[in-house]
Amino acid sequence: MANNASAIKRHKQSEVRRIHNKSVKSAARTCAKKYTLAVVEKNAESAGALLKELAHQLDSAARKGIITKNAAARKKSRMQKLYNVTFSAK
């Protein structure tokens with residue numbers, strides 16, 4: 001455990017950051033679940049809106065350093081691919 005004042009302060013700051021980062025990641029995961037549910041239900045309108053929101057959440061998390069830039073790009077690409085395969089005009 002921390003023994004001096006600066007270490008105690010640093011520990012408190014890291015806990016606050018950890019909780020905030022956890023909430024941002026959780027919000028992105030929740031948005032991804034809602035999106036995949038909309039795709040499974042073949043609801044193109046809500047899926048399109050949720051895809052846009054998911055991309056924003058992932059970009060925001062990547063900008064803050066919560067997830068890496070490549071991870072955000074990979075997830076966005078996979079979700080876009082899912083949308084294109086499901087709702088492509090045949």
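Which helix holds both Y83 and F87, and how many residues apart are they? Select the pair: both lie in α3, four residues apart, about one turn of the helix. Helices here are DSSP runs (H or I, at least four residues), numbered from the N terminus.

Before going on, note that this is a predicted model, where local features need pLDDT of at least 70, side-chain atom pairs count only at pLDDT 80 or more, and totals for chains, interfaces and linings use all residues. Residues are numbered from 1 along each chain as its sequence is written, and side-chain values use heavy atoms, leaving out hydrogens and water.

Stay with the rings. Y83 and F87 form a tilted aromatic pair, 4.9 Å centre to centre with 55° between the planes (ring centres within 6.5 Å; under 30 degrees is stacked, over 60 edge-to-face, the rest tilted). F87 counts as partly exposed because its relative accessibility is 24% (buried is under 20%, exposed over 50%, with a 1.4 Å probe and protein chains only).

Next, select M79. Leaving aside residues up to four places away in sequence, M79 touches A32, Y35, T36, L51 and L54 (heavy atoms within 4.5 Å).

Now show Y35, L54, L58, I67 and M79 together: of the 18 residues in the largest nonpolar core, these touch the most other members. Such a core joins buried Ala, Val, Leu, Ile, Met, Phe, Trp, Tyr and Cys residues through side-chain atoms within 4.5 Å.

Finish at the lining of the largest pocket, which includes K25, R29, K33 and K75. Color it by helix: α1 (5-40), α2 (44-63) and α3 (69-87) each supply at least two residues, and α1 gives the most, with five.

Conventions
On a 1 Å grid over the protein atoms alone, a cavity is a set of points where a 1.4 Å probe fits but cannot get out, and a pocket is an open set with protein on both sides within 12 Å along at least five of seven lines; lining residues have an atom within 4 Å of a point. Rings of Phe, Tyr and Trp (its six-membered ring) pair if their centres lie within 6.5 Å; planes under 30 degrees apart count as stacked, over 60 as edge-to-face and the rest as tilted.
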